[in-house]
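Work through the exercises below with the model open. Each one has a task and a stepwise solution.

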Amino acid sequence: MPEGITGLGSSTFSSSGFYNFTLSSTLRSMGMWCFSGCFNLECIEFPDNFQSFDHYSFSYCTKLETIVFPKCVFYFGWSSFEDCYLCRYTDDFFNEKCHFL
């Protein structure tokens, strides 16, 4: 993904065939269903300043095993990871600087 992109709209990569994905270091948010139905997606890492996942962002990514969260996410939409069977994730976002809505 090119640098400079700060947000991804609804269904941007929905049902794509990615196995892994490198997000722009400038990305801050993603819209509803952004990666929903990416059945092959196994791993994704978010930039340090990423702030919010909208509803169903990764729903039905059934092979998603690893997520590297940034230090602080301010918003998780409903069912952001519905039907994902995560094996590993970092928990840096559970710190005193976070404010959950």
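The model is predicted.

**Exercise 1.** Locate Ser 24 and list its polar contacts.

Solution. 
- Step 1: Ser 24 sits in the loop between strand E2 (20–22) and strand E3 (29–30).
- Step 2: Buried means under 20% relative accessible area. Ser 24 has 0% relative accessibility, so Ser 24 counts as buried.
- Step 3: The Ser 24 side chain reaches the backbone oxygen of Pro 2 at 3.4 Å. A polar contact of 2.6 Å joins the side chains of Ser 24 and Thr 26.
- Step 4: Leave out residues up to four places away in sequence. Ser 24 then touches Met 1, Pro 2, Glu 3, Gly 4, Ile 5 and Pro 47.

**Exercise 2.** Classify the ring pair Phe 35 and Phe 58: stacked or edge-to-face?

Solution. 
- Step 1: Ring centres within 6.5 Å make a pair, and planes under 30 degrees apart count as stacked. The count comes to 16 aromatic pairs.
- Step 2: Phe 35 and Phe 58 have ring centres 5.1 Å apart and planes at 5°, so this pair is stacked.
- Step 3: Phe 35 lies in the loop between E3 and strand E4 (43–45), and Phe 58 in the loop between strand E5 (52–53) and strand E6 (66–68). The pair therefore ties together parts 23 residues apart in sequence.
- Step 4: Both Phe 35 and Phe 58 are buried.

Technical notes:
Residues numbered from 1 in each chain as written. Predicted model: local features only at pLDDT ≥ 70, side-chain atom pairs only at ≥ 80, totals over all residues. Heavy atoms only, no water. Helix = DSSP H or I, 4+ residues; strand = E, 2+ residues; numbered from the N terminus. Buried < 20%, exposed > 50% of the residue type's maximum accessible area, 1.4 Å probe, protein only. Polar contact = N/O pair within 3.5 Å; in protein donor to acceptor, adjacent residues only side chain to side chain. Contact = heavy atoms within 4.5 Å. Phe/Tyr/Trp six-rings, centres within 6.5 Å; stacked < 30°, edge-to-face > 60°.
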